[in-house]
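Trainee: Could you take me through this model, one packing arrangement at a time?

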Amino acid sequence: MTDPTDDERTVPNFDFLAQRSALPRPSVSPHEAVAIAGERFGVSGDVRELGSQQDRNFRIDAAEGRYVLKIANPAFDADELIAQNLAMGALHDRGVTAPHAVPGLDGADLQRVELHGQSIIARLLTYVDGSPLTGEGDLSDAQLRALGDIAGRVAAGLADLDHPGTERSTQWDLRIAGEVVEQLAGHVAHPARRRQVEETTRAALGRLAPLRDSLRTGVIHGDVTDDNIVVDLSDPDAPAGVIDFGDVSRGWLVAELAVAVASALHHVPTDPLRVLETIDAFAAHVPLTDAEIAALWPLVVLRAAVLVVSGEQQVAVDADNTYADENRAHEWLVFAVARRIDPDEAESLIRWRLQQHDPASRSSVALDRIFGGDLDEANVLDLSVTSHLLDDGRWLEPGIEDGLLKEVGRSTGAAVTRYGEFRLTRSVPESALPTPTFALAVTARVPAGTVVQAPVAGLLRQEGDARVLSAEGMDVWLDGLIASGAVPRRVAAGDPIGVTETLTVQLSRVAGHRPPPFVRPGAEDSWRRLSPDPSMLFGIGLAATIVDPDALLGRRDATFARVQEHYYVHPPLIERGWRHHLIDTRGQTYVDMVNNVTAVGHAHPRLVSAVRDQWALLNTNSRFHYEELSAFTSRLAELAPDPLDTVFLVNSGSEAVDLALRLAQTVTGRRTIMAVREAYHGWTVGADAVSSSIGDNPRALETRPDWVRLVEPPHSYRGKYRGADAATGYLADLASDLEALDDAGVGLAGFIAEPVFGNAGGVMLPDGYLAGAFELVRRRGGLCIADEVQVGYGRLGEYFWGSEQQGVVPDIITVAKAMGNGHPLGAVITTRAIADRFAAEGSFFSSAGGSPVSARVGLTVLDIMRDEHLQENARVVGAHLAGRLEELARRFPIIGAVHGLGLYLGVELVRDPVTLEPAGAEAARICDALLAEGCIVQPTGDHKNVLKIKPPLCLTIEAADFFADALERVLAD
């Protein structure tokens, strides 16, 4: 290492856009760092490298104290490093805990050295004790405020700094965030992720564009983040310190806050608006202007976008940068959280939080009626998720709110919507979650020409198409008012201010600012304070009652056997379905990828009507004589493969399997049943006896009764035999098992199998397996049972029955689930000879299975499937979705295989493509993440590592793509 005699600047200050170069860290080993510290600064001690995006940092534990040796990236000029030292000094003088530069042996703060053919600059800084907030999980309100407090103190402390080294442009300068993202987005490998970053960036830039010229500039630290704030974790009241001044430059003052807020988001992903604590604490030191408040959230989003593209680029050019690599996970989480928050909502809540320091914002104001008299309770529209006004998909009709207001208004004289209601009419299928459904504004429909009175004294003025009446502590926003008189003007309470027919009213406690009329779930208490209930203006209670999902879950757990599990740890409260969608009580809509029970879709109007009509006529049991029963059983017999022609109706798949086993045992006079290991067939005593999936019952293999013999599962992906000859191996094993029974003198009653390995995630059996198995079983007088409860009834698309895919005709078919579309209905289909032999057991009937309502349900489901071509839809949409999933499998090694056919698919997740180690924990996390993306899917299989995909058969191509895109984003995360 040598010291050049010429230490003049060799390059101008760094300009990211002009240089367009990647910045891998300089190559410096710990051994070389020791030498630099000793030769240039006279410091020696234990050395440990610290993380850095683009520089090299080493902690030195010397006898006299602890230091940080910083080796600057060669792209950065001496003036820039001098400016950083001055910034540290300026904050130190203002009482902010920060490092300061230690002079070298020659008295210079900056030491230029030659290393590996590069001229680099080294500095030695004092070490600031404390722990960074990065490693903390959920930050407390005090910690969030500490982050904002130190950021505000830093911004205020650098206000007077003026040095040419701050005139630089790095990739972290949010003034050029759009250009940075455009330049680096190509490093985001996954297309869906890249598109999302680019689209999110464009939206944020569009919102920022009219504000840019109004934003104040100054010297900022630029990186006051959870990584660079150090605190005494044992003493929350101890002052925080700030480190890492490598990004000091001139920029927007509000960017200092945006950077701090963005860094907090991955600590509060489920309650991100807690960052209002950070914003409030910052503003106590640097009050924000109107333009800065409006710009803040777009800048948070842009910071998040820059973080993720920069992280991907840095790892690409500096593959051993563990620090940058490990940061990527929380950077992508920051981006995901930031983009999900609506900027209008963020701006309103920020304004409200900052305004609360003004005593006027806490003053109350009395409001009078806005019309001459009160409305009537009967005039209040229910537009919630459970409203029957919105049945039959009416909630999706354009203009449905206006239409219902007119409809009810015509019949009752007036109509008004509710406040604080999660409106189904604002739900958007197949859209990013969360969606704004919570109503802060109400709309009244009254007779044309109705006079509107000022509910309070104040200034009436025009704001765009709306009128706003401003009083101390409250603004009343009015849309649809045909004003009388000039504006602006002062009015007294009770003064007529115009006429209307349809009037939208919203209150705001933020002076001069109107919150969004509809907001996303998650901050209802804040919204109620910011934009209060306007009921007093109408003389009628308009506030909707909101059910607490967690409280309801507590009631469920208190009285419902907990072994009857529910999906998700914190499940959404689902109270409506429509086609292939489920909607929770907050108006959030999910694509239902798991409900094979509702084959023709949720709330099908034709089925609803049929059930309602039949129930109004008759519902009883099948020992009575009525037409619906014979009509339904005739249809089922027609659909069954020859020679199956006789039907038993039951109330569930478990009951169907139980009956099928009894048929086989009664007809043959034997008890022994052969069943496939890892399969699931139901919960009755008989059906459970032949179920051996440890995913459903961890003790399944230990508790089978002696009349059940388990055979090797013909699993084509992770089974004992694989490839083209798999069937031969499995059939040889089955033959050996049967020969062992023969040798023991045990007669075989039957063999039961799913034609597709449903509970394993739609795994297709090896071609020829069932044909060979049935032949071996029938040779011994046993009956062959195909359990079609999950995989049959048109779901496979190419075939109505799963056994068709295997080219066999069973002796007995069991079916349920899809038959009733959620109604308790199942069937056993067999031959007349087998059915008649069952008479030895006495008479048989199932109350719900053969009832008039059940039969009408079954007939209507078949009619809908035929008329809406749902089996064909399963074929087309299923093939399209399988193609999308297989394409993802080529790009994401965690997908070991895509199983299934039609709309019974499975995505098997593995940690290792060779050992096929199941990725069960990952599958659970993916399902949780997909819920946040608006898709409901669950894991299955013995290892709970297969995403089971068995949606209603009405699933559309658009919904399939929505799911595949969401899965891609989640896998990329």
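Mentor: Helix 6 and helix 27 are roughly perpendicular to each other, a word that covers angles of 65 to 115 degrees. This is a predicted model, in which local features need pLDDT of at least 70, side-chain atom pairs count only at pLDDT 80 or more, and totals for chains, interfaces and linings use all residues. Residues are numbered from 1 along each chain as its sequence is written, and side-chain values use heavy atoms, leaving out hydrogens and water.

Trainee: At what angle do helix 6 and helix 27 pack?

Mentor: Helices here are DSSP runs of H or I with at least four residues, and strands are E runs of at least two, numbered from the N terminus. Axes are lines fitted to C-alpha atoms, for helices over the stretch in contact, and angles run from 0 to 180 degrees between N-to-C directions. For helix 6 (residues 191-208) and helix 27 (residues 957-972), the axes lie 8 Å apart and the angle is about 90 degrees.

Trainee: Is Val-446 buried or exposed?

Mentor: Val-446 belongs to strand 14 (residues 442-453), and, leaving aside residues up to four places away in sequence, it touches Phe-371, Gly-413, Ala-414, Thr-500 and Glu-501, where contact means heavy atoms within 4.5 Å. The classes rest on relative accessible area (1.4 Å probe, protein chains only): under 20% is buried, over 50% exposed, and in between partly exposed. Because its relative accessibility is 6%, Val-446 counts as buried.

Notes
Angles under 35 degrees count as roughly parallel, over 145 as roughly antiparallel, 65 to 115 as roughly perpendicular and the rest as oblique.
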